[in-house]
Amino acid sequence: MENKKFNRIHLIVLDSVGIGEAPDAEQFGDRGANTLGHIAEEMNGLKMPNMGRLGLSNIKELKGIPVEQQPAGFYGKMQEASVGKDTMTGHWEIMGLNIDKPFKVYPDGFPKELIDELEKRTGRKVIGNKPASGTEIIQELGQEHMDTGAIIVYTSADPVLQIAAHEGIIPIEEQYRICEIAREITLKPEFLVGRVIARPFVGEPGNFIRTTNRHDYALKPFGRTVMNEMKDAGYAVIAVGKISDIFNGEGVTEAVRTSSNMDGVDKLIDVMKSDFEGMSFTNLVDFDALYGHRRDPIGYGNALQDFDARLPEIIGALKKDDLLIITADHGNDPVHSGTDHTREFVPLLVYSPSFTSGGALPLRETFSDIGATIAENFNVRMPEFGKSFLSLISE
């Protein structure tokens with residue numbers, strides 16, 4: 001564990017914060033996508049001075065954020081190499097994997113064969129079976145569910161199958177058993193769903209509330225990640241937000257749950273104040289879940305500004321030999337058609353209190369360059385994919 005440049009690396013994924021269409025965007029139906037750029041236009045200028053000082057507008061100029069003449073950090077953008085634009089693919093690639101077989105998404109609901117088998121094995125009818133907001137679909141179908149005992153099945157732009165049920169109608173233990181059955185079914189290659197999620201709720205029609213008994217049934221990553229190597233070498237890998245779910249707990253030494261972006265920042269700062277050697281890995285999901293999919297550019301812009309306002313606290317919690325990396329996992333342009341993710345470059349901002357200057361990083365041809373950089377810093381096995389940029393940020 002010697003020869004480390006940085007004793008701790010804090011990696012923050014701003015979920016879905018893309019920075020312009022990728023070269024292959026047209027293959028994904030995403031020509032013209034530009035999450036940050038379009039939000040800046042809709043907001044008539046983003047007020048993000050702290051990200052600006054790190055070099056955000058130097059990557060791609062954004063309305064309201066001046067180009068920094070002497071950026072405090074290193075800046076660049078990354079291109080996704082894997083054949084997908086979902087949460088799991090993006091995060092797994094960040095940690096050193098290349099996903100060459102995409103997870104399946106279901107914009108028209110799940111196939112009859114899957115639903116028939118789920119009904120047969122659970123003994124319950126399925127209602128819904130369409131892409132939907134979780135809060136909206138329980139208001140729409142909650143009464144029918146309570147009257148019939150049928151389970152509410154829905155999906156999203158991610159490769160997920162979500163099952164909602166009232167805890168007073170289907171006990172939580174049975175809800176979990178139903179999800180375990182769904183997990184078995186969706187592991188079949190013809191379905192290949194990334195996650196099955198239990199979404200329990202309580203309350204009465206017109207006033208249903210989701211409970212904290214959510215449970216994710218994820219796939220394990222298809223190979224060993226840098227997180228596995230870190231954990232096996234005795235380093236801490238502290239997962240904040242939905243990171244542990246995304247990796248099915250693989251390579252995680254401690255998981256910290258969060259309820260919102262701001263709660264995620266609070267929890268991250270608590271982690272940063274603790275004494276550990278290794279990495280923290282945080283996902284801030286509200287950008288994607290609350291604003292990107294709902295095509296709300298103003299809400300998205302305000303959430304970005306709220307994060308930027310907290311960035312001085314995060315930077316203030318850094319130790320001299322800490323490194324901060326801020327990036328994203330895909331795009332979700334809120335002015336683009338539909339409600340899907342968008343195939344985009346993602347920003348890369350890198351900062352340490354030990355830096356005496358910053359500058360531009362060359363285009364990263366895979367998100368795995370982050371994993372490779374972490375692996376080189378901690379002298380653990382390098383991932384098969386990715387090129388470290390550690391030497392480019394070292395004096």
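H91 is placed in helix α4, helices being DSSP runs of H or I with at least four residues and strands runs of E with at least two, numbered from the N terminus. At 0% relative accessibility, H91 counts as buried, a class defined as under 20% relative accessible area, with exposed meaning over 50% and partly exposed the range in between (1.4 Å probe, protein chains only). Residues up to four places away in sequence being set aside, H91 touches V13, D15, I243, I246, F247, F281, N283 and D329; contact denotes heavy atoms within 4.5 Å. The model is predicted, so that local features need pLDDT of at least 70 and side-chain atom pairs count only at pLDDT 80 or more, whereas totals for chains, interfaces and linings use all residues. Residues are numbered from 1 along each chain as its sequence is written, and side-chain values use heavy atoms, with hydrogens and water left out.

Helix α4 (residues 87-94) also contains E93. This residue is buried yet has no salt bridge, the nearest side chain of opposite charge being that of R343, 6.4 Å away. Charge is assigned as positive for Lys and Arg and as negative for Asp and Glu; His and the chain ends are not counted. Beyond its neighbours within four places in sequence, E93 is in contact with Q79, E80, A81, S82, T366, F367 and S368.

Salt bridges, defined by a side-chain nitrogen of Lys or Arg within 4 Å of a carboxyl oxygen of Asp or Glu, number 25 in total. One of them joins K85 and D340, with the closest N and O atoms 3.5 Å apart. K85 lies in the loop between β2 (74-78) and α4, and D340 in the loop between β12 (322-327) and β13, so the pair ties together parts that are 255 residues apart in sequence. K85 is buried at 12% relative accessibility, while D340 is partly exposed, with a relative accessible area of 30%. A further salt bridge is formed by R257 and D245 (2.9 Å, N to O). R257 is located in the loop between β10 (254-256) and α10 (261-273), and D245 in helix α9 (residues 243-246), 12 residues apart. In this pair R257 is exposed at 54% relative accessibility, and D245 is buried at 10%. Shared partners join E117, R121, E184 and K188 into one salt-bridge network.

The structure holds 11 aromatic pairs, for which rings of Phe, Tyr and Trp (its six-membered ring) must have centres within 6.5 Å; planes under 30 degrees apart count as stacked, over 60 as edge-to-face and the rest as tilted. The ring centres of F6 and F355 are 6.5 Å apart and the planes stand at 80 degrees, so this pair is edge-to-face. Because F6 lies in the segment before β1 (8-14) and F355 in the loop between β13 (346-351) and β14 (359-360), the pair ties together parts that are 349 residues apart in sequence. F6 and F355 are both buried. The pair of F201 and F208 is likewise edge-to-face, with centres 5.0 Å apart and planes at 75 degrees; both residues are buried. Ring pairs link F6, F74, Y351 and F355 into a cluster.

Charges also sit over rings, the criterion being NZ of Lys or CZ of Arg within 6 Å of the ring centre and within 35 degrees of the ring normal. The charged end of K77 is placed over the ring of F345, 4.2 Å from its centre, and R8 lies over the face of F276 at 4.8 Å from the ring centre.
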